[in-house]
Amino acid sequence: MPTGKKKRKKSLRGMDNSLLEEAVGIADNRGRVVVVVEDCVETSGAFVLHHFLKRSLHPDSSDVVVFIAFAHPFSHYDRILRKMGCNLTVQRKNQRFLFLDMLTLECPDRNEREAREDGLLALYGEIEKAVEIYSSLEGSRTITIMIDDVSLMEVAANGSSNHVLDFLHYCYSLKEKYGCSFVTLNHEDIYSSANTLPLILQPEYLADVIIKAEPLATGLASDVHGQLTVLNKGSACDLGGSSSKVRNFHFRVKENNVDYFYPGTRT
Amino acid sequence: MASSRPRTSSFSRNISSAATSQIPGVKLGPNGTSFLSSGIPDLDQILGGGFTLGSLVMIMEDPEAPHHMLLLRNFMSQGLMHKQPLLYASPERDPRGFLGTLPSPMASKEGKSHEQPADQDTNLRIAWQYKKYFGEQNSEVQRGGKAEYCNDFDLRKPLERHFYSGQRVDCISLRDSPNLEPLLERCSTFSAQISKSDGNITCAGRIAIQSLCSPQCDFSDKDWDMLSFIRSLKGMVRSSGAVAVISFPPSLVSPTFVKRWLHLADTLISVKAIPDEDKELAKLLTGYQDMLGLLSVHKVARINTQVPAILEATTFSMKLRKRRALVLECLNQAPVDGSSGSSYGTSGSCSGSSKTGNHDF
């Protein structure tokens, strides 16, 4: 355990440091990263999303989160994040957290065929407007855009993965313009056939960090909930040796935080 | 809610929760969720209390056996016991015929032959913090026939007519409509009627859809329509006080879409019949003769929490007690000669789970 390094980062960020933080390594270059989280039926990767949400809304920073929810309503996230020590309701009032509830928003215009594109276009317009407003408030803050289930966005668009891809590309363009970060969650095991693959491969290609949550090969256990594989592509300014790192470790999800540890280091 | 009761000390337990539990057939669970009974006492116990209110339960059918109907029947029968509004959709021409097949509850005395409450008090010492979870269950059982959270059902005795003649039971046939619009409309009116008024659940509802993608339905080839229907249903159920159970044959959903279906489910259960004369399986499992089939729990609803539910066993055998009541039992694997210690990878075995328990100390 590199304890010295750990301590330094702790003071830098004011947050408990973990293997995940270390592997992702965003603490150094302050945002502007694209993170893709992938999970499967057996192991949910939603906790990684919660982690990034808490991290961005930390009281020390002034970052803003735009959260696009397809999977769960606000009450679900509010309750989880409150247990982790972060009050979303308060953050919403403080203009640091914008929650776009897509569970209900796209339901009414499901019938019309033309509305499919309009729904996503309207959503992008909403995001862009919010990002514009937030970035005009102060120069230094990072805006993180989170999507909690890309596959459900595809369902909402009635199967036109091209529209979803377009949407994602538009969103990525905000990265250059406003310096936004992206965290998206998708289910890897859905995409097996060739015509659906672009939706998982293209975001992976554009991502800086890929985090995969998988079950253990040996089956479920009560004290190890699964393993995370973190692929950090590293930025161009990094030294050659440190770029593109793959880390692999186990995790155990608890109500208020997540334990990360290397295989076999748990007694 | 709580404002009506003056709270004398800051340490008093929040009583508002007790008020919501007055709804018949709803039990409070952790993280501000509530449970509905599945109609099978053992399944309730396995899932930690029952189906979570506002969740979508999916049952993967065995294409060769109607075991999923057992679950659906018990689920709906339990709803009738609690006088909850029901919605049932099936690909049959006459979906109302389903009501005639519902099992009737056993007389409470003979049904409780396994003496659950007495057992728990004597054999098990529960830490006081957790007592509230068990206490509720006990009190509910002891209150007598009517208020029972979960009944035992006699599968051989059909439910008497007066149970469902006076109640709100909507039945829809999936066969005649070319798309899912009518069903979605019915579901949305149904959930709107029972939806939470200003945050409080006034009444719990049950939606059961049998064999959603069966080939009798005209829409069975429209994969995206079915997916978006499930997604909309999930959204509806989540915002109202209802539980939706969908059973579907996974082999008939096109292979690229099955995973999407599984991801949409909050709780995922599969049932499987066991072949009559499987000599190898009979050697492996004790009590093979009494088994009706196997039930596996793949996913348990995780609402308002990020901690995954890790069950001690995921596969259970479905048996009939006294040829009447459906019970679920942990699989007991008969010892295999020559390799006594190698039951590590079998998650379903009881011996395996007790072994790992020893490592905790």
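Okay, let's start with a cysteine: B:Cys187 is buried, at a relative accessible area of 0% (buried is under 20%, exposed over 50%, partly exposed in between, with a 1.4 Å probe and protein chains only). B:Cys213 is buried too, at 3%.

Quick housekeeping: this is a predicted model, where local features need pLDDT of at least 70, side-chain atom pairs count only at pLDDT 80 or more, and totals for chains, interfaces and linings use all residues. Residues are numbered from 1 along each chain as its sequence is written, chains are lettered from A and ligands numbered from 1 in the order written, and side-chain values use heavy atoms, leaving out hydrogens and water.

Next, the helices, which are DSSP runs of H or I with at least four residues, numbered from the N terminus like the strands (E, at least two). In chain B, H10 (residues 223-239) packs with H11 (residues 255-264) at about 5°, axes 10 Å apart. Axes are lines fitted to C-alpha atoms over the stretch in contact, and angles run from 0 to 180 degrees between N-to-C directions. That makes H10(B) roughly parallel to H11(B), a label for angles under 35 degrees.

Last, the sheet: it's open, antiparallel, with three strands ordered S1-S2-S3 in chain B. Strands pair if DSSP finds at least two bridges between them. The edges are S1 (26-28) and S3 (51-52), each pairing on one side only. B:Phe35 has B:Thr52 in S3(B) as its bridge partner.

Technical notes:
Angles under 35 degrees count as roughly parallel, over 145 as roughly antiparallel, 65 to 115 as roughly perpendicular and the rest as oblique.
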